Amino acid sequence: MSSPRATRWGILATGGIAKTFVKDVLVDPNTRDVSNVKHVIAAVASSTSEKRAKDFIIDTGCPSMTRAYGSYLELVQDSEVDIVYVATPHSQHYQQSLMCLEAGKHVLCEKPMAVNVQEAEALIAKARSKQLFLMQALWTRYLPVSKYVEDVVKSGAIGTVHRCFADTSIAMHPEKEFASGEHRMVNRDLAGGALLDLGPYSLSWLFQAAKASGAGIDPVTVTAAVKPYQTGVDETTTILVVMPRSAERGGDLHGIATTSMRVSMDPNGIGSAGPCVRIQGEEGEIQVFPPSYRPTKTRLVFADGKVEDKDWLYPGPGKDSGWFNGFGEMNPEGEGHGMFWEADEAAVAMCEGRLEGSRESLDEVVAMMKVMDAATILRFFAQFRMPSLSFMPSKPANYPRHSFLPCP
Ligand SMILES: NC(=O)C1=CN([C@@H]2O[C@H](COP(=O)(O)OP(=O)(O)OC[C@H]3O[C@@H](n4cnc5c(N)ncnc54)[C@H](OP(=O)(O)O)[C@@H]3O)[C@@H](O)[C@H]2O)C=CC1
Ligand SMILES: O=C1OC[C@@H](O)[C@H](O)[C@H]1O
């Protein structure tokens, strides 16, 4: 048996998710039956100070030889870093991922990979021209539960799929929790808001279902309702998408993708409110229970009355490991968060010479970004209280074409 190939990670930023990612990546891959790759945290950079990077290395339990930098530039100039994990706020993703690619580094960039289509396309073009790997860190897509849901749809077990609801809403009590208006969730300068932060999850479930049921990924139309928060970002965004599919395969598919920082997909935290994702076919549906980004339960409901529940466990360092994620949440069962699967995907892709993730293509990232751009453009028109608008993202480059639908 050949020994696992090591991927040398550079961590760009030391915030909450960077901590969770690093702690996950340090979990032994054998705990999830992975033996072909392993991960090394080679270096960590903080734009605040070298000391902050050093503290991060200690807090997360990285080996003492992990290098600490007080600037992102030093990180991308480190010749012993293969891939950089970009974990800054959304507004910075384009600029920092570009810097990494220009320095010849592969990139795994937190979601959303960019704040609009132009940025996403420019990053992809740069990565392709330099033959470098680039992946949006939509980690949920690499969870085993996600593959299972896709396989169920593909198998035809629930019949032809016609509709998918996907909600990613977290009641964040923004006036209380983010009172200063500086937190990245409500800060316009950091591209805050529910849509860009939570939308990638809802859209990912929707796009995955559409692809698995034979639909295309370039929506025919996008309609959106956006409610703003007092800082100007979006507080609640509701999107209706029509995904194209041939008449022989069942015709167009409808998707409803919702996000909110005001209400919750899981108000009591134990799933009593029901599923946050429903993929509906002619013979049944598959449901995913909250949280949509890290589900632990699915349910198959068939038209003939049969119901199949499945629980999803997350491997990790095990009980008594004292595993805390970057947001200070402890998992007493010693489960990891689950971000190691996306790290494995990046490592395997690099071994294989692949330039993008296998489960969410870069074209799909662009298609989803177009939907989010469309919602943002529609928001602009909605402020004039026009009755209803829809947008055709596949028409001339990013130009809105509205159909004014009469109110009932
Ligand atoms: N996959 C997932 O489950 C999650 C993903 N995310 C994504 O990760 C990204 C970061 O989120 P999160 O870790 O919660 O954010 P934090 O605010 O906790 O951390 C962001 C870090 O980015 C660095 N940074 C660089 N420039 C700025 C700036 N102008 N303002 C603030 N921070 C800056 C700072 O690190 P330093 O000082 O070291 O440079 C800071 O600690 C977001 O894009 C978000 O969408 C977030 C949560 C969960
Ligand atoms: O990616 C995310 O998932 C979980 C949420 O808490 C967070 O706001 C978001 O960035």
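Modeller: In this predicted model, axes are lines fitted to C-alpha atoms, for helices over the stretch in contact, and angles run from 0 to 180 degrees between N-to-C directions.

Biologist: At roughly what angle do the axes of helix α8 and helix α10 cross?

Modeller: Helix α8 spans residues 194-212 and helix α10 spans residues 362-382. Their axes come within 10 Å, and the crossing angle is roughly 125 degrees.

Biologist: Are α8 and α10 parallel or oblique to each other?

Modeller: Angles over 145 degrees count as roughly antiparallel, and 65 to 115 as roughly perpendicular. The axes cross at roughly 125 degrees. The relation of α8 to α10 is therefore oblique.

Biologist: By class, which residues make the contact of α8 with α10?

Modeller: From α8 come Leu-195, Leu-196, Gly-199, Pro-200, Leu-203 and Phe-207. From α10 come Glu-364, Met-368, Val-371, Met-372 and Ala-375. By class, this contact has one charged, one polar and nine nonpolar residues.

Biologist: Which element gives the most to the shell around ligand 1?

Modeller: Ligand 1 is surrounded by 23 residues, the closest being Thr-14, Gly-15, Ser-46, Ser-47 and Thr-48. Two or more residues come from each of α4 (90-102) and α1 (16-25). With three residues, the element that gives the most is α1.

Note on methods
Residues numbered from 1 in each chain as written. Chains lettered and ligands numbered in written order. Predicted model: local features only at pLDDT ≥ 70, side-chain atom pairs only at ≥ 80, totals over all residues. Near = placed C-beta within 6 Å. Helix = DSSP H or I, 4+ residues; strand = E, 2+ residues; numbered from the N terminus. Parallel < 35°, antiparallel > 145°, perpendicular 65-115°, else oblique. Contact = placed C-beta atoms within 7 Å. Nonpolar A, V, L, I, M, F, W, Y, C, P; charged D, E, K, R; others polar.
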